[in-house]
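Subject: A structure for you to look at

Hi there,

Here is the structure I promised to pass on to you.

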Amino acid sequence: MKTLKNVFEQVVDYDNLYRAYLNARLCKRYRYEVLNFSAHLEDNLVKLQKELIDRTYTLGKYREFYIYEPKKRLIMAQPFKDRVVQWAIYQVLNPVFAQGYITDSYACIKERGTHKAVKRLHYWLRRVGKKPEKYYFLKLDISKYFYRIDHDVLMGILKRKIRDDDMIFLLDKIVNSSETNFGLPPGKSPGEVKRSDRVSEKGMPVGNLSSQMFANLYLNELDQYCKRTLGIHFYVRYMDDVIILHQDKDQLHEWKRIIDTFLKEKLQLDLNEKTCIRPITLGVEFCGYKIWNTHIKLRKSTALKMKRNLKKLQKEYAAGEVTVEEAKQTISSYLGILKHCDSYSLKRTIFGEYGSSEVYEGWFFLQRATTETQ
């Protein structure tokens with residue numbers, strides 16, 4: 001990964017800020033704060049540009065809330081102006097950072113998303129499944145990853161990559177927020193910790209675009225160590241989920257020990273109890289799917305969530321709370337998930353006789369179901 005110089009000028013360029021504004025308002029253009037910003041767009045962008053250049057830019061107050069799917073997470077949402085800044089930074093830095101990532105890192109990288117990661121792991125499972133040896137997988141799961149990222153370590157990584165004082169100043173302001181602590185004590189979940197007990201100098205706010213970029217860059221250190229130093233071949237990572245394949249179970253245990261030490265000493269992170277070593281014949285849970293060398297299934301928890309959400313959608317449509325187009329969009333997204341796995345039986349369970357058809361036939365099922373409830 002090359003060292004970046006003079007990138008701050010690119011971030012605060014007016015055209016880049018305008019593109020950032022367009023990205024930040026996607027699917028949100030009719031919200032009050034977006035309409036308010038848009039009403040005086042040029043003035044607001046020029047003012048924001050000046051604040052960034054003069055180092056007078058300050059972060060707005062985070063709005064906090066919890067989501068409970070698939071597990072309880074603390075989400076921190078920024079004001080619209082700050083989301084524009086996040087996009088301005090992301091547009092310039094992330095494409096360059098991504099050039100230095102290993103081939104099998106799949107989060108927050110253009111054209112390398114969830115489904116590509118699943119296909120890659122499935123390809124490897126098919127390859128090793130043809131070998132005479134019995135293969136195992138090591139699944140690494142990092143404890144409370146976003147909430148435990150160390151600010152000093154992160155800033156050290158950023159300073160190695162970026163030789164631009166103005167850029168580092170801005171990134172430090174975002175990482176080391178003076179108004180809000182993001183970190184959690186070891187072993188604690190978001191719902192167990194009061195705001196006053198959160199840890200300073202640790203953690204990234206879940207919900208920030210820059211947090212996704214920082215989190216991926218942070219674990220690139222692990223990727224490089226595993227590939228370049230340990231020489232691990234069958235290695236794939238999606239954010240903080242890592243899968244390693246090998247025929248020697250003892251070797252996997254040794255790698256687990258070495259990686260655990262590396263995470264503790266170099267990145268100030270810990271593996272959690274979900275870290276395990278299992279035969280590949282049991283199937284590997286990864287990115288919402290369960291993957292064998294012969295087939296791919298949707299993970300049970302994901303399928304149950306899908307069924308619950310569709311039942312809720314039926315009720316909302318019957319009550320006139322969602323439109324036909326909104327319902328079609330939801331069903332289309334679910335069919336998109338299902339097409340990446342062996343899901344014939346699941347489609348039949350959810351969509352009945354229309355299970356093998358496209359979104360509009362799925363919509364006919366929804367119409368029928370909602371009519372029956374009225």
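First, how to read it. This is a predicted model, in which local features need pLDDT of at least 70 and side-chain atom pairs count only at pLDDT 80 or more, while totals for chains, interfaces and linings use all residues. Residues are numbered from 1 along each chain as its sequence is written, and side-chain values use heavy atoms, with hydrogens and water left out. Helices (H or I, at least four residues) and strands (E, at least two) are DSSP runs, numbered from the N terminus.

Let's start with α12 (residues 300-318) and α13 (residues 324-338). Their axes come within 11 Å and cross at roughly 165°; axes are lines fitted to C-alpha atoms, for helices over the stretch in contact, and angles run from 0 to 180 degrees between N-to-C directions. The two helices are therefore roughly antiparallel (under 35 degrees counts as roughly parallel, over 145 as roughly antiparallel, 65 to 115 as roughly perpendicular and the rest as oblique). On the α12 side, the contact (heavy atoms within 4.5 Å) is made by Met306, Asn309, Leu310, Leu313 and Tyr317, and on the α13 side by Val324, Ala327, Thr330, Ile331, Tyr334, Ile337 and Leu338. These residues divide into 10 nonpolar, two polar and no charged. Here Ala, Val, Leu, Ile, Met, Phe, Trp, Tyr, Cys and Pro count as nonpolar, Asp, Glu, Lys and Arg as charged, and the others, Gly among them, as polar.

Now compare the pair α5 (residues 80-99) and α9 (residues 165-175), whose axes come within 12 Å and cross at roughly 125°. These helices are therefore oblique to each other. Gln86, Ile89 and Leu93 of α5 meet Met167, Leu170, Leu171 and Ile174 of α9, a set with six nonpolar residues, one polar and no charged.

Which residues of α2 (residues 14-24) are buried? They are Asn16, Leu17, Ala20, Tyr21 and Ala24, where buried means under 20% relative accessible area, exposed over 50% and partly exposed in between (1.4 Å probe, protein chains only). Seen down the axis of α2, they fall within an arc of 145°, so they line one face of the helix; the arc is that of the directions from the helix axis to the C-beta atoms. They pack against α1 (7-12), α3 (32-39), α4 (41-54) and α5.

Finally, find Thr275 in the loop between α11 (249-266) and β8 (276-279). Thr275 counts as buried because its relative accessibility is 9%. Leaving out residues up to four places away in sequence, Thr275 touches Leu138, Lys139, Leu140, Asp141 and Lys256.

Happy exploring!
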